[in-house]
Amino acid sequence: MKVVLFCGGHGMRMRTGTSADVPKPMQLVGPRPLIWHVMRYYAHFGHTEFILCLGYGAHHIKDFFLNYQETTSNDFVLSRGQVEMLSTDISDWKISFVQTGIESAIGERLRRVRPFLDGDEMFLANYADVLTDAPLPEIIGRFEQSDAGAAMMVVPPPGSFHCVELGGGGMVSGITPVNEMPLWSNGGYFVLRQDVFDHIPEGGDLVADGCVELAKQGRLMAYPHRGYWKPTDTVKERVALDEAYSRGERPWALWERE
């Protein structure tokens, strides 16, 4: 399946306010940017055709792939000045780079790359800034067997907050960690059918418009995942991932287990 990646937002909580700011998906985790880790996840399952919805900082993403260095994360032999690669990352990938606007909402970005989907009945989509070990073939399999127009992976709400239940007289009757509550958050991994476009107006949003309308029709499927899932909305979260990578703790890197 083709994979649509939304990588054109400003990512304000990740920015420092300097001219050196790069798009959030280009923030490094180990020697490679976030978007590379997400793409390797999909490629691990055989999905190697990508459509990048570009916007803010598009030149950073283009330059990374146009000047891609396979030697950064692959073994090789250097003999008499010639490099012989022992493995490669992206040699079998096809990547379409599409400018979808600086201020466009996610749904509008998706609308603008619809021609690149070649009318495929189903396709995958992702925010390009969340890492997981979720079983993608299982998610796709469940979706294929349904008549849903969209599927989203859902996860327990992130955070260390506690929900407090109040009883009579202002006394606390219970305290529960938020991630143990019967609540689920959008995990950012989608499987979509073409008819999702019927519910996204011009300038609209994928979730607030498309998914909400499909949910009203009983055609939005959820895949609950309690395994590894880490967002990178802030500098702190990105640094934590980078430190975990350095320690060799990278459960999202399923390709390293081959």
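1. Trp184 touches Val154, Val155, Pro156, Pro157, Pro224, His225 and Arg226, leaving aside residues up to four places away in sequence; contact here means heavy atoms within 4.5 Å. Trp184 is found in the loop between β12 (172-177) and β13. Helices (H or I, at least four residues) and strands (E, at least two) are DSSP runs, numbered from the N terminus. At 39% relative accessibility, Trp184 counts as partly exposed; buried means under 20% relative accessible area, exposed over 50%, and partly exposed in between, with a 1.4 Å probe and protein chains only. From Trp184 to Glu237 there are 53 residues in sequence and 20 Å in space, C-alpha to C-alpha.

2. A word on the source: this is a predicted model, where local features need pLDDT of at least 70 and side-chain atom pairs count only at pLDDT 80 or more, while totals for chains, interfaces and linings use all residues. Residues are numbered from 1 along each chain as its sequence is written, and side-chain values use heavy atoms, with hydrogens and water left out.

3. Is Arg32 buried or exposed? At 2% relative accessibility, Arg32 counts as buried, and its place is in strand β3 (residues 32-33). Not counting residues up to four places away in sequence, Arg32 touches Gln27, His37, Phe64, Tyr68, Gln69, Glu70, Thr72, Ser73 and Asp89. One of these contacts, Phe64, is 32 residues from Arg32 along the chain, with 9.7 Å between the C-alpha atoms.

4. Next, the aromatic rings. Rings of Phe, Tyr and Trp (its six-membered ring) pair if their centres lie within 6.5 Å; planes under 30 degrees apart count as stacked, over 60 as edge-to-face and the rest as tilted. By this rule the count comes to 14 aromatic pairs. The rings of Tyr41 and Tyr42 have centres 5.4 Å apart and planes at 80°, so this pair is edge-to-face. Both Tyr41 and Tyr42 are buried, and ring pairs link Tyr41, Tyr42, Phe45 and Tyr189 into a cluster.

5. Which residues of helix α4 (residues 136-144) are buried? They are Leu136, Ile139, Ile140, Gly141 and Phe143. The cover over these buried residues includes α1 (34-44), β8 (122-126), β10 (150-155), β13 (185-193) and β14 (220-224).

6. Now the pockets. On a 1 Å grid over the protein atoms alone, a pocket is an open set of points where a 1.4 Å probe fits, with protein on both sides within 12 Å along at least five of seven lines; lining residues have an atom within 4 Å of a point. Grid points are joined across faces, edges and corners, and a volume is the space filled by probe spheres set on the points. About 530 Å³ of space lies in the largest pocket. Its lining has 21 residues, of which Pro158, Gly159, Trp229, Lys230 and Pro231 lie nearest the centre. The elements that give two or more residues to this lining are β15 (229-231) and α6 (235-246), and α6 has the largest share, five residues. By class, the lining divides into eleven nonpolar, five polar and five charged residues. Here Ala, Val, Leu, Ile, Met, Phe, Trp, Tyr, Cys and Pro count as nonpolar, Asp, Glu, Lys and Arg as charged, and the others, Gly among them, as polar.

7. The second largest pocket holds about 410 Å³ of space. Of the 21 residues that line it, the closest to its centre are Lys24, Ile106, Tyr127, Asp129 and Asp233. α3 (106-112), β13 and β15 each supply at least two lining residues, with the largest share, three residues, coming from β13. This lining has nine nonpolar, eight polar and four charged residues.

8. Finally, two backbone details. Arg80, in the loop between β5 (76-79) and β6 (82-85), has a phi near 55°, a positive value in a residue other than glycine. At 86% relative accessibility, Arg80 counts as exposed. Asp118, in the loop between α3 and β8, has a positive phi of about 55° although it is not a glycine. At 56% relative accessibility, Asp118 counts as exposed.
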